[in-house]
Amino acid sequence: MVHVARLVKFLFHLLLLTLLSALAGAAWVAHRPADMSVPEAGRPGAKPRDLVDDLKQAAIKGSGLVEVGEAELNRHLAKVLGSQVPASLAAWARFERLKVDLEPDVAHLTLAWEVAGHRSTATVDLRVVRLEKVFRIEVVGGAYGHLQVPRGLLRPLAPVLRGLSDVLHEEITALFQMNRVTFAQNKLVLDPRFP
């Protein structure tokens with residue numbers, strides 16, 4: 001009887017040790033920041049185009065497809081987004097940037113912060129769906145660092161995403177003046193033409 005009790009206690013401690021190891025591993029994976037490298041946009045020395053103006057003009061004319069490359073989109077976001085952290089938190093936290101990776105039907109938005117000298121990243125996977133005359137953005141998944149999580153666990157990022165939508169209001173409004181918004185490999189394809 002004593003041996004059975006010791007065996008159960010040993011197995012229980014082994015199970016606790018395994019769970020603790022799994023949690024420690026998940027924390028390590030979540031704290032490893034995602035890759036934030038972005039390829040250069042366009043030719044060196046070339047004047048970058050004004051994306052918002054181009055989108056507005058395309059929506060007014062309604063003439064043809066507009067393609068925005070991933071590198072050009074990331075360059076525009078880097079220019080528009082500044083440090084959005086409140087002054088009370090600026091001493092230990094700083095928003096670095098937003099990186100967009102485009103794949104067919106999915107956009108991966110990776111946000112990077114520097115918190116107490118350590119880079120932290122979170123990735124949100126988005127899909128754009130049009131329901132009659134209204135565009136809807138759906139969160140389909142994401143990650144903290146390299147730890148993939150289901151979309152429900154990305155709920156703490158909702159205030160950050162709302163803040164980004166406020167800062168990028170002009171760009172989002174111009175984008176949704178199009179009749180079709182499609183994510184393709186490394187580019188955003190916009191169609192202002194009526195079906």
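**View 1. Phe135 is buried, its relative accessible area being 15%, in a view of the aromatic pairs.** Here buried stands for under 20% relative accessible area and exposed for over 50%, with partly exposed in between, as computed with a 1.4 Å probe and protein chains only. The model is predicted, so that local features need a pLDDT of at least 70 and side-chain atom pairs count only at pLDDT 80 or more, whereas totals for chains, interfaces and linings use all residues. Residues are numbered from 1 along each chain as its sequence is written, and side-chain values rest on heavy atoms, with hydrogens and water left out.

Rings of Phe, Tyr and Trp (for Trp the six-membered ring) are taken as a pair if their centres lie within 6.5 Å, and the pair is called stacked if the planes are under 30 degrees apart, edge-to-face if they are over 60, and tilted for the rest. Two aromatic pairs are found by this rule. In an edge-to-face pair, Phe95 and Trp113 are 6.3 Å apart from centre to centre, with 70° between their planes. Because Phe95 belongs to strand β2 (residues 93-103) and Trp113 to strand β3 (residues 106-115), this pair ties together parts that are 18 residues apart in sequence. Phe135 and Phe176 form a stacked pair, with 4.8 Å from centre to centre and 20° between the planes. Since Phe135 sits in strand β5 (residues 134-144) and Phe176 in the loop between α5 (169-175) and β7 (180-184), the second pair ties together parts that are 41 residues apart in sequence. Phe176 counts as partly exposed, at 21% relative accessibility.

**View 2. The open sheet of five strands is antiparallel and has the order β2-β3-β4-β5-β6.** Its edge strands are β2 and β6 (147-149), each of which pairs on one side only. Neighbouring strands of this sheet are turned against each other by 30° on average, direction ignored; the axes are lines fitted to C-alpha atoms (for helices over the stretch in contact), and angles run from 0 to 180 degrees between N-to-C directions. Two strands are said to pair if DSSP finds at least two bridges between them.

View 3. Strands β4 and β5 run antiparallel and are joined by 10 bridges, and Ala122 stands opposite Tyr144 in β5. The hairpin of β4 and β5 has two residues between the strands, and in this hairpin Glu132 takes a positive phi near 55°.

**View 4. A further open sheet has three strands in the order β1-β8-β7, with antiparallel pairing.** Strands β1 (66-69) and β7 stand at the edges with a single partner strand each, so one side of each is left without a neighbour in the sheet. From one strand to the next, the twist averages 20°. Strands β1 and β8 (residues 187-191) run antiparallel and are joined by four bridges, and Val68 stands opposite Leu188 in β8.

**View 5. A nonpolar surface patch is formed by Leu7, Phe10, Leu11, Leu14, Leu17 and Leu20, which together have about 610 Å² of accessible area.** Patches are made of residues with over 30% relative accessible area and no salt bridge, nonpolar side chains (Val, Leu, Ile, Met, Phe, Trp, Tyr) being joined within 5 Å and like charges within 9 Å. A salt bridge is a side-chain nitrogen of Lys or Arg within 4 Å of a carboxyl oxygen of Asp or Glu, and accessible areas come from the Shrake-Rupley method with a 1.4 Å probe, where for residues only the protein chains shown count as cover. Leu7 lies in helix α1 (residues 2-31) and is partly exposed, with a relative accessible area of 49%.
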